[in-house]
Amino acid sequence: MLEENFDTLNLCNVRPEPDDLLRLVAELPRMPSITDLRFSGNSLGEKGARALAEVLPRLTLRSLAICNDVIQKEGLAALMDAMTRSTVKILLLIEVGLGDNEFRSIAESLPRTPIKAMNLGTCT
């Protein structure tokens, strides 16, 4: 069991096997103290984004960062839909392959989310 003061889970550049990453995402609701979740360079991808979208409304996240990954239209749409039922106030989607359709999906969902700050730029 995680300690109560464990509030950040940083999975940047960990690069687990895809099935292990999906299992970890499925276990996130059992880690209620986590408020800051970071994925970067670890192949969350389309399948992982959809899996994260399924559990996101059950998490108590304040911030979510996904960086250096490719999330396609369906995964992003699932994530943004889940954001409308989440506690995420800070969202970073950095270098995740956003195109015009993905930007449209974000723009359409954003007013229905609790998000107060967002970065869609590049890592510096």
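**Sheet pairing and helix packing in the predicted model**

Strands β1 and β2 run parallel and are joined by 5 bridges, a pairing in which Asn-10 has Arg-38 of β2 as its bridge partner. These features, like those described below, are taken from a predicted model. The two strands belong to an open sheet of 5 strands, arranged in the order β1-β2-β3-β4-β5 with parallel pairing. At the edges of this sheet stand β1 (8-12) and β5 (117-119), each of which has a single partner strand, so that one side of each is left without a neighbour in the sheet. Averaged over the sheet, and with direction ignored, neighbouring strands are turned by 5° against each other.

Within the sheet, strand β2 (residues 36-40) has 4 of its 5 residues buried and is therefore largely enclosed by the rest of the structure; burial is taken here as a relative accessible area under 20%. Further along the strand order, β3 (residues 63-67) pairs with β4 (residues 90-94) in the parallel sense, over 5 bridges, and in this pairing Ser-63 is found opposite Ile-90 of β4.

Turning to the helices, α2 (residues 45-55) packs with α3 (residues 73-83) at an angle of about 15°, the axes of the two helices being 8 Å apart. Because angles under 35 degrees count as roughly parallel, α2 and α3 are described as roughly parallel to each other, and their crossing is left-handed. On the α2 side, the residues that take part in the contact are Glu-46, Ala-49, Arg-50, Leu-52 and Ala-53, which meet Lys-73, Glu-74, Gly-75, Ala-78, Leu-79 and Ala-82 of α3. When these residues are sorted by class, the contact of α2 with α3 comprises 6 nonpolar, 1 polar and 4 charged residues.

One of the α3 residues in this contact, Ala-78, may be considered individually. When residues up to four places away in sequence are not counted, Ala-78 touches Arg-50 and Ala-53, both of which are among the α2 residues listed for the helix contact. The relative accessible area of Ala-78 is 25%, and this residue is accordingly classed as partly exposed, since that class lies between the limits of under 20% for buried and over 50% for exposed.

Technical notes:
Residues numbered from 1 in each chain as written. Predicted model: local features only at pLDDT ≥ 70, side-chain atom pairs only at ≥ 80, totals over all residues. Heavy atoms only, no water. Axes fitted to C-alpha atoms, helices over the stretch in contact; angles between N-to-C directions. Parallel < 35°, antiparallel > 145°, perpendicular 65-115°, else oblique. Left-handed = near helix turned anticlockwise from the far one by under 90°. Contact = heavy atoms within 4.5 Å. Nonpolar A, V, L, I, M, F, W, Y, C, P; charged D, E, K, R; others polar. Pairing = 2+ DSSP bridges. Buried < 20%, exposed > 50% of the residue type's maximum accessible area, 1.4 Å probe, protein only.
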